[in-house]
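Please keep the sequence and the model at hand while reading.

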Amino acid sequence: MTIRDQQLALLVDFGSTYTKLVAVNLEAGRIVAHVQAPTTVETDINIGLWQALAHLEETCQLKAEQFSYRLACSSAAGGLRIIAIGLVKSLTVEAARQAALGAGARIVGAYGDQLTTDEIVQIVRTQPDMILLAGGIDGGDRNAILHNAAQLAESPIAVPIILAGNKNACPAAEAILRSHGKEVRTTENVLPRLQEINVEPARETIRRLYMERIVQAKGLDRAESFIGQIIMPTPAAVLQASRLLADGTTNQPGWEAVMVVDIGGATTDVHSVAPNPPAAKFVIHHGLPEAHAKRTVEGDLGLRVSAISLLETVGMAALRSQLDDILQTTTADGMDEKLHHAMRRRTENVSLVPEGEFDRKLDEAMAFLCVEHGTERHVGHLREHYLPTGFCLIQDGKDLTQVKHVIGTGGIFLHTNNAASILSGGLFDRRKPHVLKPAFPELHLDRQYALWAMGLLAESHPDLALDILKQELPVLKLEPRKHGGTESKPL
């Protein structure tokens with residue numbers, strides 16, 4: 001039986017820069033091809049899709065009509081932009097943020113307490129795709145969510161509003177919004193009780209709404225005649241694959257705990273699926289419990305659109321130092337100006353392909369810093385505290401020191417021979433013992449864009465998707481480092 005005669009799945013990611021295709025032989029249980037072409041969202045997204053399909057036929061002799069199973073995800077046109085609104089920033093607002101991020105959204109604004117007129121103006125100007133309105137534990141404060149519902153109702157905002165707050169106040173809030181013609185979806189409270197986070201129902205509501213409305217708003221419906229359906233934002237597909245890899249299926253075990261670092265041109269996304277115990281018996285956990293499956297998005301850490309933002313975040317000294325480490329030399333006078341120019345070129349030309357050794361090594365230095373800072377923001381932190389009974393440590397966020405698998409995904413990892421060194425920026429560093437990064441993990445490379453693709457395939461073929469993930473994430477060899485990693489121990 002030839003590959004032409006076997007059941008094939010076509011998995012598509014409409015990315016902000018490239019449209020990527022992954023072809024899977026469902027009978028053999030393996031990826032048979034992956035190709036890409038520039039995304040053409042500004043004209044007709046089908047143009048880029050058919051260019052990629054033509055490339056697939058040219059390189060692998062696979063025609064579009066051979067694929068009996070087709071699914072797609074998308075982060076084109078900036079992805080899914082959400083405003084999160086709650087009562088207390090450290091509680092319901094944070095719970096709303098976790099729900100939205102886990103659904104694959106990009107948080108473009110977060111507001112606590114009662115919205116002011118100025119804040120409503122800011123929200124209108126931001127032009128989000130949807131609003132997640134939370135506030136109050138069940139049976140708790142009603143005033144904030146009702147006030148905010150009234151403010152939104154009377155505003156010119158015309159995007160869907162998801163209610164995920166105090167269940168005793170949501171019916172009245174929904175009535176207020178509907179009386180002014182707003183589209184409303186009500187789901188379970190993201191924070192039903194103090195210290196009890198409940199983000200999955202809101203995540204699923206966001207995802208369903210994305211499928212129903214946002215796809216059409218971004219013009220992706222034009223591709224549905226071939227694909228069938230855009231079923232989720234790309235980051236949600238990556239998180240779904242991460243959960244599958246960590247938790248396994250009813251038929252086979254997973255890896256128990258994983259962290260995924262996805263470096264793009266505009267953002268660095270970090271996903272982790274792991275339990276959330278305190279770092280040690282003498283550590284006190286502070287704040288909301290972290291979700292088992294967590295995602296963070298860093299909009300100032302990217303290799304193209306956010307290149308200047310990355311430089312402003314890390315500083316020229318850090319960029320030069322990392323580049324010196326990679327080049328194994330000391331940069332010459334005038335390097336600051338050269339680096340400024342190189343970073344501007346990347347911001348102004350998001351499709352820039354490195355043309356020489358310097359550009360390639362600069363991309364690697366930038367990627368290392370994206371991993372280092374992105375994971376530092378994602379993981380938990382320890383801080384010293386003194387009680388009347390004596391010294392203790394307070395833990396904010398998630399302890400990931402025991403995570404055994406760290407995976408790098410994104411174009412930079414596929415176009416370098418130094419993927420392990422780049423990914424090492426996400427390892428525990430003894431110079432920063434309070435930052436709870438993975439201490440002794442295996443490093444893996446997503447060599448065929450398997451993560452988002454298997455996140456899509458997991459919807460219908462979870463065991464097959466898990467098998468392919470385990471095949472397509474080879475272990476990377478990391479040379480001993482001067483600091484952190486295997487030479488260090490967490491508290």
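Buried means under 20% relative accessible area, exposed means over 50%, and partly exposed lies in between (1.4 Å probe, protein chains only). Strands (E, at least two residues) and helices (H or I, at least four residues) are DSSP runs, numbered from the N terminus.

The model is predicted: local features need pLDDT of at least 70 and side-chain atom pairs count only at pLDDT 80 or more, while totals for chains, interfaces and linings use all residues. Residues are numbered from 1 along each chain as its sequence is written, and side-chain values use heavy atoms, with hydrogens and water left out.

β2 runs antiparallel to β1, and seven bridges join them. Two strands count as paired if DSSP finds at least two bridges between them. The bridge partner of D13 in β2 is K20. β1 and β2 form a hairpin with three residues between the strands.

β2 is also antiparallel to β3, with eight bridges. Here Y18 stands opposite P38 in β3. The hairpin of β2 and β3 has four residues between the strands, and in this hairpin G29 takes a positive phi near 70 degrees.

## The whole sheet

The five strands make an open sheet in the order β3-β2-β1-β4-β10, with mixed pairing. β3 (30-38) and β10 (230-233) are the edge strands; each has a single partner strand, so one side of each lacks a neighbour in the sheet. From one strand to the next, the twist averages 20 degrees.

β4 (residues 69-74) pairs with β10 in the parallel sense over three bridges. S74 stands opposite P233 in β10.

## Helices across the sheet

Helix α1 (residues 45-60) lies across β1 (8-14), β2 (18-25) and β3, and runs at about 135 degrees to β3. Axes are lines fitted to C-alpha atoms, for helices over the stretch in contact, and angles run from 0 to 180 degrees between N-to-C directions. Contact means heavy atoms within 4.5 Å.

Helix α15 (residues 450-457) lies across β1, β2, β3, β4 and β10, at about 120 degrees to β1.

## The loop residue D221

D221 sits in the loop between α6 (200-217) and α7 (224-227). With a relative accessible area of 33%, D221 is partly exposed. Not counting residues up to four places away in sequence, D221 touches V215 and Q216. D221 and I45 are 176 residues apart in sequence, and their C-alpha atoms are 9.4 Å apart in space.
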